[in-house]
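Dear colleague,

Please find the structure below, handed over for your use. My notes on it follow directly after.

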Amino acid sequence: MFALSLGILTSLHTSAQDTKSLLWKISGNGLEKPSYLFGTIHLMCPDDIKITDAMQEGLQVTEQLVLELDMDEPGMMQEMMAASMMQDGTNLQSLLSENDYQLVEQYLKDSVGIPIQAVGTMKPILLSTVVMLPLLGCQPGSYEMKLVEAAKQNEMEIYGLENVGDQIAEFDAIPLDEQSDYLVKTIREYDQSVDEIESLLKNYEQQDIQNLYKLIHESMADMEGAEKALLEDRNKKWLPMMEEMAKEKPSFFAVGAGHLGGPQGVINLLKASGYKVEAVQ
């Protein structure tokens with residue numbers, strides 16, 4: 001699905017098209033020391049979240065951890081929750097038909113265990129992530145927080161490529177009616193949603209970033225402009241920031257794995273800018 005969280009560069013030959021890896025080494029193009037790029041996933045059971053030896057080595061030779069958001073910033077979660085709500089009296093009941101509203105209400109009650117009144121003003125595309133939680137069969141953990149813990153042990157500085165306002169603005173680029181349709185579809189086509197989650201997790205476990213990109217690309221097909229807003233535009237915005245950070249200090253970048261693959265993914269953009277990007281096995 002989208003939350004993990006997607007060519008003009010198709011002429012580039014890149015090992016990213018052939019190699020399965022979540023961890024990549026960035027060097028060359030004037031960098032004195034290499035940086036690293038890791039693809040995270042936002043829906044994963046805690047027992048499956050592991051800092052591998054290769055990741056730990058990358059963390060030890062870099063000086064700062066750079067996430068999509070600075071997860072160590074005080075008050076960040078409260079700010080995110082506040083920004084996740086619709087304004088001006090808009091709520092799910094005003095966006096959905098009576099039948100669709102009842103469908104969402106029943107699902108939240110039976111499968112998630114929360115009344116719709118508690119989340120009725122949450123932006124539908126963000127509520128979709130809540131709807132997906134029961135599909136995992138566990139309370140999901142966070143790769144980002146695991147990396148924050150490791151960074152603190154290594155006395156690394158922690159930064160974000162964007163702030164809460166930036167991230168919410170990107171979701172807001174998708175019209176609320178399209179967000180609502182996506183939410184209802186996720187519930188109505190439950191079996192397909194389960195299959196998509198299982199495919200995402202399987203490909204993540206196999207470190208197949210190209211298939212992950214394809215799955216996310218397909219899941220966004222019904223929301224016009226979603227891929228551009230949530231993946232392509234953000235990748236292009238992050239690139240100069242990543243370049244500046246990597247030149248200042250060797251950095252360990254960790255962003256959603258869906259941002260790595262594809263013709264306009266971060267790996268191809270880095271290569272197009274002259275960097276050597278190699279898979280770390």
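Is Glu162 buried or exposed? Glu162 is buried, because its relative accessible area is 6%; buried means under 20% relative accessible area, exposed over 50%, and partly exposed in between, with a 1.4 Å probe and protein chains only.

Please note that this is a predicted model, in which local features need pLDDT of at least 70 and side-chain atom pairs count only at pLDDT 80 or more, while totals for chains, interfaces and linings use all residues. Residues are numbered from 1 along each chain as its sequence is written, and side-chain values use heavy atoms, with hydrogens and water left out.

Salt bridges

A salt bridge is taken as a side-chain nitrogen of Lys or Arg within 4 Å of a carboxyl oxygen of Asp or Glu. The count by this rule is eleven.

Glu162 pairs in this way with Arg234, and their closest N and O atoms are 2.5 Å apart. Glu162 is in the loop between β4 (157-160) and α8 (164-172), and Arg234 is in helix α12 (residues 226-248), so that the pair links distant parts of the chain, 72 residues apart. Helices (H or I, at least four residues) and strands (E, at least two) are DSSP runs, numbered from the N terminus. Arg234 counts as buried because its relative accessibility is 4%.

A salt bridge also joins the side chains of Glu170 and Lys237, at 3.0 Å from N to O. Since Glu170 belongs to helix α8 and Lys237 to helix α12, this pair ties together parts that are 67 residues apart in sequence. Glu170 is buried at 10% relative accessible area, whereas Lys237, at 32% relative accessibility, is partly exposed. Salt bridges link Glu68, Glu162, Glu170, Arg234 and Lys237 in a network.

Lys20 and Asp208 form a further salt bridge through their side chains (3.8 Å, N to O). Lys20 lies in the segment before β1 (23-27) and Asp208 in the loop between α10 (190-205) and α11 (209-219), so parts 188 residues apart in sequence are tied together. Lys20 is partly exposed at 44% relative accessibility, and Asp208 is buried at 9% relative accessible area.

Ser35

Ser35 lies in strand β2 (residues 35-40) and counts as buried, at 0% relative accessibility. Beyond its neighbours within four places in sequence, Ser35 is in contact (heavy atoms within 4.5 Å) with residues including Trp24, Thr62, Lys249 and Ser251. A polar atom of the Ser35 side chain lies 2.8 Å from the backbone nitrogen of Ser251.

Cavity and pocket

The largest cavity is lined by Ile26, Met242, Glu243, Ala246, Phe253, Leu270 and Tyr275. Helix α12 gives the most to this lining, with three residues.

The second largest pocket is lined by 18 residues, of which Leu22, Asp48, Tyr143, Tyr204 and Glu205 lie nearest its centre. The elements giving two or more residues to the lining of this pocket are α1 (53-60) and α10, and α10 provides the largest share, three residues.

Methods: A polar contact is a pair of N or O atoms within 3.5 Å; within protein, one must be able to donate a hydrogen and the other to accept it, and residues adjacent in sequence count only if both atoms are side-chain atoms. On a 1 Å grid over the protein atoms alone, a cavity is a set of points where a 1.4 Å probe fits but cannot get out, and a pocket is an open set with protein on both sides within 12 Å along at least five of seven lines; lining residues have an atom within 4 Å of a point.
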